[in-house]
Amino acid sequence: MDWDKLRIFHAVADAGSLTHAGDTLHLSQSAVSRQIRALEETLGTTLFHRHARGLILTEQGELLFDATRSMNKRLEAAAARIRDSEDGVFGTLKVTTTTGFGTMWLAPRLGKLYAQYPDLKIDLILEERILDLPMREADVAIRLKEPSQADVIRKRLMAVRMRLYATPEYLANMPPINRLEDIAQHRLICQNINSPQPVAAIALGQKLLSFEVTSTLTVNTYYGVLQGVLANIGIGILPDYVTEDSPNLCRVLPYVESSEIPVFIAYAEELRQSRRIAAFRDFVQDELIAHRRKLRESAPPADAVPD
């Protein structure tokens with residue numbers, strides 16, 4: 001098959017329109033149409049159903065589009081490696097992480113990275129779904145579990161624990177909370193146990209809800225939980241890294257916390273030599289070292305666990 005025809009087919013399938021594909025490729029609609037007809041004749045099949053509102057892939061067209069999509073991503077990966085062989089850190093870096101970690105820890109610190117590398121472009125993708133790094137859905141990932149994908153370089157960055165936090169204003173207007181059983185007299189703010197989140201966080205939430213908590217607020221992101229806590233609505237289950245940027249929060253029942261949740265950085269093996277990846281990785285590691293130092297300096301003496 002002619003590579004140029006496959007490139008044009010991919011653009012048409014992606015756009016769903018000969019006109020839009022032509023605009024992208026800087027070709028006339030008739031030239032694009034001729035190339036698609038020639039490709040269909042070569043394959044001996046119809047690749048598109050044509051109708052007034054655009055083009056729809058046939059079953060055979062879907063098969064070919066899957067192949068060209070994979071080829072396109074690998075070509076993008078090769079182009080990225082070529083660009084990264086040049087001096088300097090620039091271009092687009094696609095970073096994926098969870099909504100909570102991305103909004104509450106990573107995004108507020110990116111200004112320091114831009115100060116070092118003003119020509120860098122960050123495409124921050126916040127979602128719980130695990131993106132395919134070898135297929136270049138993202139360049140680098142920070143996840144709250146060890147990645148299981150093959151051909152991926154991974155490194156443990158830190159460990160997170162889920163803890164209980166509230167504002168001084170909320171605590172001043174509610175019954176004292178000295179023992180775990182006292183949680184029943186308070187409003188608990190947490191993620192729904194069926195929403196995507198670390199197993200350790202689910203376990204802590206289930207444990208607290210077992211004390212017959214009568215009033216709750218469930219939010220599908222930790223950022224939402226944090227906003228509820230800051231609004232004096234209740235006691236929230238939050239990752240411990242929020243304390244540095246929200247110093248007005250009080251830790252509730254200091255002996256209550258989840259088991260460790262590991263945080264990993266990962267990127268595709270083929271990007272091992274990427275200057276952009278190295279710059280981002282070093283930046284995150286430096287920020288985590290500073291973060292841990294601040295936590296140690298501000299940590300109060302450990303409270304004894306009540307009888």
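Helix α9 (residues 222-230) lies across β7 (162-166), β8 and β10 (235-239) in this predicted model. The helix runs at about 140° to β10. Contact here means heavy atoms within 4.5 Å. Angles run from 0 to 180 degrees between N-to-C directions, with axes fitted to C-alpha atoms, for helices over the stretch in contact. Helices (H or I, at least four residues) and strands (E, at least two) are DSSP runs, numbered from the N terminus.

The strands under discussion belong to an open sheet of five, in the order β9-β8-β10-β7-β11. Pairing is mixed; two strands pair if DSSP finds at least two bridges between them. β9 (215-218) and β11 (250-257) stand at the edges with a single partner strand each, so one side of each has no neighbour in the sheet. The twist averages 30° from one strand to the next. β8 (residues 187-190) and β9 run parallel and are joined by four bridges. Isoleucine 189 has leucine 217 in β9 as its bridge partner.

Helices α1 (residues 3-15) and α2 (residues 18-25) pack at about 125°, their axes 8 Å apart. They are therefore oblique to each other (under 35 degrees is roughly parallel, over 145 roughly antiparallel, 65 to 115 roughly perpendicular, the rest oblique). Arg7, Ile8, Ala11, Val12 and Ala15 of α1 meet Leu18, His20, Ala21 and Leu25 of α2.

Residues are numbered from 1 along each chain as its sequence is written. Local features need pLDDT of at least 70 and side-chain atom pairs 80 or more, while totals for chains, interfaces and linings use all residues, and side-chain values use heavy atoms, without hydrogens and water.
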